[in-house]
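Here's a quick tour to go with the structure you have open. Take a look at it first, then read on.

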Amino acid sequence: MVLSPSIGPEREPPPPLAASDAEIDAAVAAADVPPLLTALAHLTGDLALLAEDTRPDQERLVEADAGLAPEEQATARTRAAAALRRYRDGGSQAAPTPDHKALRQMIEYLVGPEAVDDYLPLLAEELALEGSDVRAPGWSAAALAPGRTLRVAVIGAGMSGLAAAHRLRQAGVEVVVLEKNADVGGTWFENTYPGCRVDVPNHLYSYSFAQTGDWPQHFSTQDVLLEYFRRCADDLDLRPLIRFGTEVLGADFDDAAASWTVRTRSAAGEETLRVDAVVSAVGQLNRPSFPDIPGRDRFRGPSFHSARWDHDVDLDGRRVAVIGTGASAAQFVPAIAPLAGHLTVFQRTPPWLIPTPNYHAEVPDALRHLMHHVPDYARWDRLWLFWRTHEGLLPFARVDPDWSPKDRSVSALNDAVRELLTAYLRAELPDDDLFAKVLPAYPPIAKRVVRDNGIWARTLTRDDVELVTTSIERITETGVRTADGIDHDVDVIIYGTGFAASRFLTPMRVRGRAGRDLHDTWAGDARAHLGITVPGFPNLFLLYGPNTNIVINGSIIYFSECEVHYVVEAMRLLLEGGHRAIEVREDVYEAYGEMVDAGNRAMAWGASSVPSWYKNERGRVSQNWPFSLHEYWRRTRAPDPDEHVFH
Ligand code: NAP
C-alpha cells in the first residue's frame, strides 16, 4: 500500500481532474451521497449543492442510505456529476478554504440543525481541513518556559504512543518512546493471525492528522494497518525518538525531585531513565489471556494464542481445535477452515453478528480515484462515518428501566436490533440445530458485536467444521474433553480467548508518591480520572486506560487523540505555572468513577450478566466509556487546575 504523500497537516493541492465523463459517473455512483455533495460544495465553493431535497434524514441515520429515497439519490448524483464536470472543465480550480459560515453550513447539512452548534468545534477538528491541523498544540515549551526542558517517556509505539510522541514533540517537549517490540504498530504488529483486519472502517480508524485516500479496502487487513502506522512513524519522523527492543519493567516516582525513574530491559541489559512524566500507551488488548481450563500444559501437540500466532505450525490437513468465538476467532476461523483437515470450534457464548456486506470488499477504483482527485471527499466521508456511527448508535444500547425482561434485550430499540440480527442469523443458518447454537441468549451490544459478510455461516456449515457448545472439561494429552465425556482428539489447539484487558499496565510495577504501588491501589479494579490519571501518581498519564473503550460507537483512535490532547495540555499547565508535577484530586477521581459506573450500569454491557472482557474480576465494567464521544471530547479539552494539586 502506498500512502498519500500528503500525510500530515500540510497537504498538497489535489492533482488536476482528468477523468472522463464515464469515470466521473462511476465515481459518483460509488460514493455516499451526503459526504459527496458536501465535499463538492467544499471543493467548488458552490453551496447550492447542499439543497434541502437531498438532505440526510437524521432520524434514519442507521439505514443504508440515511433515509434518502432512490429518486433523491439519483437527483443528488446527477448534480454531483455535473459539478465535477464543471470543475474539471474549468481547469480543476479548487475554491479557497471555506470561511466559518460556509463550514458551518456544510457540517449542518450532514449533522442537522439541532446538533450543529454543539458539535461544530469537535467536527471541525475531526475534519482537519487543509493546512489546519487544529489539534496541533498552539504553543511551544520554549516560549512558555525558556530554558526548561520537560522530558517525557512514552511506553509503547503503537497507535496511541505514536500519537503522543508526535503531539508532545510538536509542543517542544522532549520525548523518548520505549517499545518492547522491534517495530511500531502495537496490536497491529503483534496480531498476525490469518484473516486479521480492522472492524471499524479504516477511513475512520486513522489519525485525524494523517489521512490518506488510499485505503485498499473499507476494513483493511493487518498488514495494511501495520504499513499505515509504519508510514506515519516515517513521515512524521518519529523513529529517532523510539528505543526499540526496550521493555519497561516499571517506574518509580521520586517525591523529592518530583520526577520518575523508569526501569527498562533491552539487549543491553537493565537500565534506568530519569524523566519528568510518564505516558503509558500499552493498550488494553496487549497481554494474551489463556483460559483457566485444567490440563492445558498436558497437550502433546502444538498450541498457541491468536495474538502470538505460530506461523511455523503447518495447519494443512491437520485436526485443529479453536477455543473461543470472539472477534479474533471470527476472523481467523474462516481463514484457516479451508486449510485444516478438520476444525472443531469450541463456543461458550455466541457473538451477535452485524451484517456488513462490504467487510472484505475492495474500495472500488472509481471511489479511490475520487478520493485522490477530490481529497476532501475522503475527509467528509470520514466525518460522515464518524457522525453516523457514534451518537446515532448509542440509544440502541441504553437500558430502559421499565423494559422487561432484560435478559433478551434492554429496551424497545435494543429489542428491535435483536429482531433484526436474529432474522439475519436465521437467514444465514436455516438448519435448526445450528441456528439454535449460534443464537445469543443475551441482549445485543452487551458484548462486542462481530462483523460478518456471510462468512461465519459459510464456515460453520462446511463438512469439515464442527461447532461444539458443550462446555470444556479439560485439555488432555490428545485434545479437548467436553463435559459430556467426549474426547475431541486434535493435532493443534488455538486459543482465541482474548486478553487480560482489565489488568491495566501489567506486568509493569509502578510506584507513585510515597512508594504507593499502582496495582495495590487498584486491587484488581483499575480506575482513572478520564481513563488518564490516578491520585497518588503525579505526572503519570494513561492512554486507552480504564473506561475508555467503546463498544459500538466510533473509533478508538479518536479517544487516543482526545487523551493525548489532555496530556499535552497538562504539560502546558506545568510549564506555564512553573510546577514540577500535576496530580488529580482523590475526590475528583472518586466522583468521576461513580459517574462512569452509573453510566455503564445503564448500558446493555453493564446491565447484562453475560461474561465479557468489558468487566473485571469484580464484575465492574472497567473497560468501557458509556457516554457520547462528544462528552469525552468536552471533558478532555484540558485538565481543570481546580481539580488538581500541583507539586
Ligand atoms: P474476546 O472477545 O475476549 O473473546 C474470547 C473468546 O474466548 C470468547 O468467545 C470467550 O467466551 C472464549 N473463552 C474465554 N475463556 C474461555 C474458556 N475458559 N472456555 C471457553 N471459551 C472461553 O477476545 P478477542 O476475540 O481476541 O477480542 C477481544 C477484543 O479485541 C474485541 O472485542 C475487539 O475489541 C478487539 N478485536 C478487534 C479486532 C478488529 O478490529 N479487527 C479483531 C479482534 C479483536 P465467552 O464469550 O463466553 O467469554
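What volume does the second largest pocket have? It comes to about 1600 Å³. Bear in mind that this is a predicted model.

- Two or more lining residues come from each of helix H1 (21-30), strand E11 (353-355), helix H11 (365-373), helix H12 (375-388) and helix H13 (412-428).
- The biggest giver is H13, with five residues.
- Sorted by class, the lining holds 32 nonpolar, seven polar and ten charged residues.

**The five-stranded sheet**
- Five strands form an open sheet with parallel pairing, in the order E3-E2-E1-E7-E19.
- Strand E3 (242-243) and strand E19 (540-542) are the edge strands; each has a single partner strand, so one side of each has no neighbour in the sheet.
- E19 runs parallel to strand E7 (residues 277-280), and three bridges join them.
- Val278 has Leu540 in E19 as its bridge partner.
- Helix H17 (residues 556-577) lies across strand E1 (151-155), E7 and E19, and runs at about 165° to E19.

**Pro444**
- You'll find Pro444 in the loop between helix H14 (432-438) and strand E12 (450-452).
- Pro444 counts as buried because its relative accessible area is 0%, against a cut-off of under 20%.
- Beyond its neighbours within four places in sequence, Pro444 contacts Trp352, Arg408, Asn414, Val417, Arg418, Leu421 and Ala604.
- Asp415 is 29 residues away from Pro444 along the chain, with 8.1 Å between their C-alpha atoms.

Terms used: Residues numbered from 1 in each chain as written. Predicted model: local features only at pLDDT ≥ 70, side-chain atom pairs only at ≥ 80, totals over all residues. Heavy atoms only, no water. Helix = DSSP H or I, 4+ residues; strand = E, 2+ residues; numbered from the N terminus. Buried < 20%, exposed > 50% of the residue type's maximum accessible area, 1.4 Å probe, protein only. Contact = heavy atoms within 4.5 Å. 1 Å grid on protein atoms, 1.4 Å probe; cavity = no way out; pocket = protein on both sides within 12 Å on 5 of 7 lines; lining within 4 Å. Points joined across faces, edges and corners; volume = space filled by probe spheres on them. Nonpolar A, V, L, I, M, F, W, Y, C, P; charged D, E, K, R; others polar. Pairing = 2+ DSSP bridges. Axes fitted to C-alpha atoms, helices over the stretch in contact; angles between N-to-C directions.
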